[in-house]
Amino acid sequence: MSRKMLIDGQDPTAEDGATYDYDLFVIGAGSGGVRASRISAGFGAKVAICELPFHPISSEVIGGVGGTCVIRGCVPKKILVYGASFRGEFEDAKNFGWELNEPVDFNWKRLLHNKTQEITRLNGIYKRLLTNAGVTMLEGEGRIVDPHGVEVVQSDGTKQHYSAKHILIATGSRAQRLPIPGQELAITSDEALSLDELPKRAVILGGGYIAVEFASIWRGLGATVDLFYRKELPLRGFDEEMRAIVARNLDGRGIKLHPGTVLSSLSKTEDGIKVITDHGEELIADVVLFATGRSANTKRLNLETVGVEVDKTGAVKVDEFSQTSVPSIWAVGDVTNRMNLTPVALMEGTCFAKTVFGGQPSKPDYNFIPCAVFSIPPLSVVGLSEQEAIEKANGDVLVFTSTFTPMKFTISGRQEKTYMKLVVDADTDKVLGASMCGADAPEIMQGIAVALKCGATKAQFDSTVGIHPSAAEEFVTMRTLTRRITVDSKPKTNL
């Protein structure tokens with residue numbers, strides 16, 4: 001749909017005399033799909049949404065209202081991170097006067113039960129949110145049969161056809177497996193969140209945030225953890241300096257790092273899973289986790305038949321308004337592989353509803369989106385990394401950093417520092433990016449993100465009074481320049 005058509009209120013998908021069962025049919029009840037459904041219904045649209053039956057571990061035939069984030073992603077992961085963090089808290093408590101009996105026992109079954117109870121509760125809440133918004137919920141697998149038609153296949157094989165003026169694809173993404181001998185012996189993040197037994201020996205393949213987070217979780221809960229990844233540092237795409245800080249913290253917490261190494265085969269033995277690397281190393285593990293990325297969940301949607309274009313990875317191609325190559329079909333969230341974060345899917349779903357049903361053409365704004373890696377301790381960033389700023393800047397780039405031992409650790413004796421960083425455009429004084437690795441980083445970075453979104457300058461940071469004593473105040477007391485990078489003055493991307 002062109003921008004002019006949207007602004008003029010014209011709908012090129014409308015057909016003379018056509019009537020539909022629904023104004024909007026949404027396939028996938030994750031974060032983006034639920035948000036789009038509710039807001040569209042609020043604008044007066046008649047909306048239906050379909051989703052697979054609920055289960056913590058997804059497949060082609062099971063899923064659940066709430067999607068990856070609520071059921072097998074952000075929420076259960078953060079619960080396990082909380083659980084794993086207590087190990088360090090118990091250790092740190094001793095120098096604060098707490099005399100703990102040794103050993104402190106841990107009950108994995110209880111944590112697992114409470115985690116499952118919570119995601120079941122949230123699944124129910126999401127269903128009520130849809131019902132209260134007047135959205136019709138259908139359980140089953142949705143497949144697109146024509147530009148205005150969806151077939152819903154129920155678990156018993158029963159098929160029902162529905163027509164809609166607009167169809168929204170919001171089916172998210174699924175974890176990938178590495179095609180090596182013995183790959184069936186490995187698990188993905190889905191299974192890792194619902195293991196019946198806590199592993200004593202864990203091997204993780206991958207250098208992204210999922211790999212780093214599960215390494216922190218399992219190590220925090222007492223397992224030995226070996227982390228393998230292709231690059232020299234984990235977390236490709238993040239600021240280089242922050243990547244090194246995270247690697248140092250992982251090592252300091254007892255995680256064995258294997259940079260530049262991947263797995264070549266897995267096999268079952270009496271002692272566990274035998275792991276062989278591409279360097280010929282061998283080790284035995286109770287569990288092997290493939291955290292090697294996710295792919296758009298489009299394989300069974302029948303997109304080729306109706307002419308919806310996808311890229312080489314299977315992700316749905318969309319324009320700036322989230323419209324596909326078929327005017328009546330749209331897509332939001334991870335299935336489009338734009339920026340795969342839950343709050344981004346929410347933003348895209350909101351913009352879609354405003355555009356199509358609210359008379360307010362809206363494009364998602366991907367500038368200054370904060371994110372966090374819930375390692376222990378966590379990393380959180382917003383804006384440009386130092387490397388990105390250098391690539392895009394028209395003038396020099398200023399870097400301010402602060403490294404310090406948190407007050408808590410000066411008493412507990414933990415050898416782990418907090419690191420903060422601001423990247424500034426020398427010509428405009430605007431803060432282009434901020435990073436932090438340390439306790440409470442995500443909570444602090446959310447506020448910093450508001451400042452950067454508003455175009456804050458370094459002078460405004462400097463003139464802001466800090467909260468003392470806190471780690472957050474370091475962001476407004478970094479007066480000394482760490483380094484100045486002279487950048488080629490040829491025209492580059494506008495910052």
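Residues are numbered from 1 along each chain as its sequence is written, and side-chain values use heavy atoms, with hydrogens and water left out. Because the model is predicted, local features need pLDDT of at least 70 and side-chain atom pairs count only at pLDDT 80 or more, whereas totals for chains, interfaces and linings use all residues.

An α-helix has 3.6 residues a turn, so residues three or four places apart point the same way. Just after H13, Gly455 takes a positive phi of about 80 degrees.

Asp92 belongs to helix H4 and is buried, with a relative accessible area of 6%. When residues up to four places away in sequence are not counted, Asp92 touches Lys408, Phe409, Ser412 and Arg414. Asp92 and Ile411, although 319 residues apart in sequence, are 8.3 Å apart in space, C-alpha to C-alpha.

A nonpolar patch on the surface is formed by Phe86, Phe90 and Val104, which together have about 260 Å² of accessible area. Patches are made of residues with over 30% relative accessible area and no salt bridge, like charges being joined within 9 Å and nonpolar side chains (Val, Leu, Ile, Met, Phe, Trp, Tyr) within 5 Å; the areas come from the Shrake-Rupley method with a 1.4 Å probe, and for residues only the protein chains shown count as cover. Val104 lies in the loop between helix H4 (74-93) and helix H5 (108-132), and Val104 is partly exposed, with a relative accessible area of 41%.

The structure holds zero disulfides (pairs of cysteine sulfur atoms within 2.5 Å). For Cys351, the nearest cysteine sulfur is that of Cys454, 17 Å away. Cys351 counts as buried at 11% relative accessibility, and Cys69 counts as buried at 15%.

A search of the whole structure finds 26 salt bridges (a side-chain nitrogen of Lys or Arg within 4 Å of a carboxyl oxygen of Asp or Glu). Arg143 and Glu141 meet in one of them, at 3.2 Å from N to O; Arg143 is partly exposed at 23% relative accessible area, whereas Glu141 is buried at 11%. Arg177 and Glu191 form a salt bridge whose closest N and O atoms are 3.8 Å apart. This pair links distant parts of the chain, with Arg177 in the loop between strand S7 (173-175) and helix H6 (189-192) and Glu191 in helix H6, 14 residues apart. In the salt bridge between Glu282 and Lys274, the closest N and O atoms are 3.6 Å apart. Salt bridges that share partners also join Glu60, Glu141, Arg143, Lys299 and Arg300 into one network.

How values were computed: Helix = DSSP H or I, 4+ residues; strand = E, 2+ residues; numbered from the N terminus. Buried < 20%, exposed > 50% of the residue type's maximum accessible area, 1.4 Å probe, protein only. Contact = heavy atoms within 4.5 Å.
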